[in-house]
Amino acid sequence: MTVELSAVPLVSLSAQSKCVISSLLNPLKILPSENGLPRDWRGLAHVCKLSGEIIPLLTSHPDPTAYILTAWQQQEKDITLKDLQTVLEEIERWDILDDTSKLFEKDGERYLEQLQRSQTSAEVISNDIDEKVLTVDDIHRLKQGLENQYYDAFLLYAAEDVNWATEMLEKLENKYNLKLCVKDRDLIAGVTFEHEAIMTLISERCNRLIVLISNNFLKSPANKFFLSYAQALGIDKRQRKVIPCLYEKCKLPPQLQYMFILDYNRVGLYDFWGKLRDSVQVVNKVEKNTSIVPVKDFSNFDATNENEKDKESTKESFEVQKPRLQNNKEMLNIKENPNIPEFDSVHKLKDNDNSKDNFLQWTKKNFLQWSKKENNRKEYVPISETVSLPSIRNLDTLSTSTELIEKKNKTKFINKYVKRVQLKKILVKS
């Protein structure tokens, strides 16, 4: 790669290149160049057009060449490496040109790389967005213009149980497509207070808290704190927040003794992973039953018309039931048994031919009596008046302290005494 030195400013000159130029120009040369200029730092100062007052002072300077290059750069801002090579040609220092050619190319390449790198600038941090970013997933979602990441559960475990936690992550995420949040994997670095970030994730971003219970877990005060915090959240929000999973037998803390715990080591007809999946999943929608019986509209209900319709329907039903009665007689072998039982409460049926008609007359008579009772019923009138509820002013408090009981007894005694005094005054006046 050949670098155009006319586009590289003198500022890009490296310390190594300056050291080489100074070591070759600082020693004084006796023989001048063809144009009469000294072939050392004095000729360089003359070509760079420095004031004559500075040149006598440079004789005592330890590095006059470096001082001249710095002063030349300050006077003219557009000086390039190509201009420096032109100056060296004027004072006929071809040896310096040969020794610094490769150094100048390296300086030019380095300058162009820095120039290209400076074209890309970092974005300014927005405080509103940076406060919401807690996990790595939040960064990727914000780049896509999406909201913060929400998780099905936060996995809380001891550092010694990382192998079991890894197995649980693979099962729940890869097999059951659940989204879990883990502190070591998902939490972003640089959070001011780690415990506060985890509390925010548990309360606002994670639906559940999976707790891997073991002896190592119960030794950590931080894990106990997060467990108590999640349990308090569940009570406050009336949610099933904590899902405890027992990894090894240990003495359970008081807050877990009355909870149903998933035992990893339990054998038999016990599907640990299925129960865990069903416990983590959230059901927000209930399937609606499409087979709904339509409700009849009774706004235009007419009792008389309905009774007439019912009578007609009952007549039709009796006519339909006649062949059924005959079939029932055949099933009961009535032909073989001519003796028919007597119905004392209604009619005594003696003949087989008349039994059917008598039975129909009895049912028809009872039906007419029932319809008259239905017509005589009073119509339902909805209650539109307001109902006065009992007052709660005179109710006793739920407190059972001795002070309140004594105070209550005193007031009762005083009220009784006042009533007696008033009765005596009334009797005396009378």
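The model is predicted, so local features need pLDDT of at least 70 and side-chain atom pairs count only at pLDDT 80 or more, while totals for chains, interfaces and linings use all residues. Residues are numbered from 1 along each chain as its sequence is written, and side-chain values use heavy atoms, with hydrogens and water left out.

Side chains of opposite charge can pair when their charged atoms come close. A search of the whole structure finds 9 salt bridges (a side-chain nitrogen of Lys or Arg within 4 Å of a carboxyl oxygen of Asp or Glu). One of them joins Asp107 and Arg110, with the closest N and O atoms 3.1 Å apart. These two residues are 3 residues apart in helix α6 (residues 94-117), and therefore separated by about one helical turn. Helices here are DSSP runs of H or I with at least four residues, numbered from the N terminus. Asp107 is buried, at 2% relative accessible area, whereas Arg110 is partly exposed, at 40% (buried means under 20%, exposed over 50%, partly exposed in between, with a 1.4 Å probe and protein chains only).

Another salt bridge pairs Lys183 with Glu194, at 3.3 Å between the closest N and O atoms. Lys183 lies in helix α10 (residues 183-186) and Glu194 in helix α11 (residues 194-205), so the pair ties together parts that are 11 residues apart in sequence.

Arg185 and Asp186 also form a salt bridge, their closest N and O atoms being 3.0 Å apart. Asp186 is buried, at 6%, but Arg185 is partly exposed, at 38%. Together with Glu173, they are linked in a network of salt bridges.
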